[in-house]
Amino acid sequence: MVVRGYLSHEDPLDGGNLAGRVLMDAGYRGSLGENLFATQASLESIVAETVDGWLRSPAHRVSAMDVRFHYTGVGLLSDGKWWKVTQVFAKQRP
């Protein structure tokens, strides 16, 4: 997403869900989920701002609190202006 300059659950090239494809290619199965966040916060503030943003958003909060998910991963990357944070969830591991 950073390299191609977008932040979306849907890949603008094919409309698919990139995180879902990556998780399935890695062997994860069952329910899958994803939370995204972009911020220009300082490096020291990113975690607090991101978690606060997700918990204040009803849809993101539901994903973060969904009891079906047993595994999570978080990625963070910057394009020099924006930090983009991705959190993925999976029910079953490979």
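This is a predicted model: local features need pLDDT of at least 70, side-chain atom pairs count only at pLDDT 80 or more; totals for chains, interfaces and linings use all residues.

Reader: What does the secondary structure come to?

Author: Three helices and three strands. The order from the N terminus is α-β-α-α-β-β. Helices (H or I, at least four residues) and strands (E, at least two) are DSSP runs, numbered from the N terminus.

Reader: How many of the 94 residues count as buried?

Author: 31% of them. Buried means under 20% relative accessible area, exposed over 50%, and partly exposed in between (1.4 Å probe, protein chains only).

Reader: On to rings. How many aromatic pairs?

Author: The count is one aromatic pair. Phe 69 and Phe 89 have ring centres 5.1 Å apart and planes at 20°, so they are stacked. The rule takes rings of Phe, Tyr and Trp (its six-membered ring) with centres within 6.5 Å; planes under 30 degrees apart are stacked, over 60 edge-to-face, the rest tilted.

Reader: Where do Phe 69 and Phe 89 lie?

Author: Phe 69 is in the loop between α3 (58–65) and β2 (71–78), and Phe 89 is in strand β3 (residues 83–92), so the pair ties together parts 20 residues apart in sequence.

Reader: Are those two buried or exposed?

Author: Both Phe 69 and Phe 89 are buried.

Reader: What sits over the ring of Phe 69?

Author: The charged end of Arg 68, 5.5 Å from the ring centre. The test is NZ of Lys or CZ of Arg within 6 Å of the ring centre and within 35 degrees of the ring normal.

Reader: Which residues make the largest nonpolar core?

Author: Five residues: Phe 37, Ala 41, Ile 46, Trp 54 and Val 85. A nonpolar core is a set of buried Ala, Val, Leu, Ile, Met, Phe, Trp, Tyr and Cys residues joined through side-chain atoms within 4.5 Å.

Reader: What does Ile 46 touch?

Author: Thr 39, Ala 41, Leu 76, Trp 83 and Val 85, setting aside residues up to four places away in sequence. Contact means heavy atoms within 4.5 Å.

Reader: Leu 76 came up there. Which strand holds Leu 76?

Author: Strand β2. Leu 76 is partly exposed, at 42% relative accessibility. Not counting residues up to four places away in sequence, Leu 76 touches Ile 46, Trp 83, Lys 84 and Val 85.

Reader: What about Val 74, buried or exposed?

Author: Val 74 counts as exposed because its relative accessibility is 58%. Val 74 is also in strand β2. Beyond four places in sequence, Val 74 touches Val 85, Thr 86 and Gln 87.

Reader: And Tyr 71, where is that found?

Author: In strand β2. Tyr 71 is partly exposed, with a relative accessible area of 35%. Its C-alpha is 5.7 Å from that of Phe 89, 18 residues apart along the chain. Among the contacts of Tyr 71, leaving aside neighbours within four places, are Phe 89 and Gln 92.

Reader: Last one. What else does Gln 92 contact?

Author: Besides Tyr 71, Gln 92 is in contact with Tyr 28, Arg 29 and Gly 30, leaving aside neighbours within four places in sequence. Gln 92 is in strand β3 and is partly exposed at 41%.

Note on methods. Residues are numbered from 1 along each chain as its sequence is written. Side-chain values use heavy atoms; hydrogens and water are left out.
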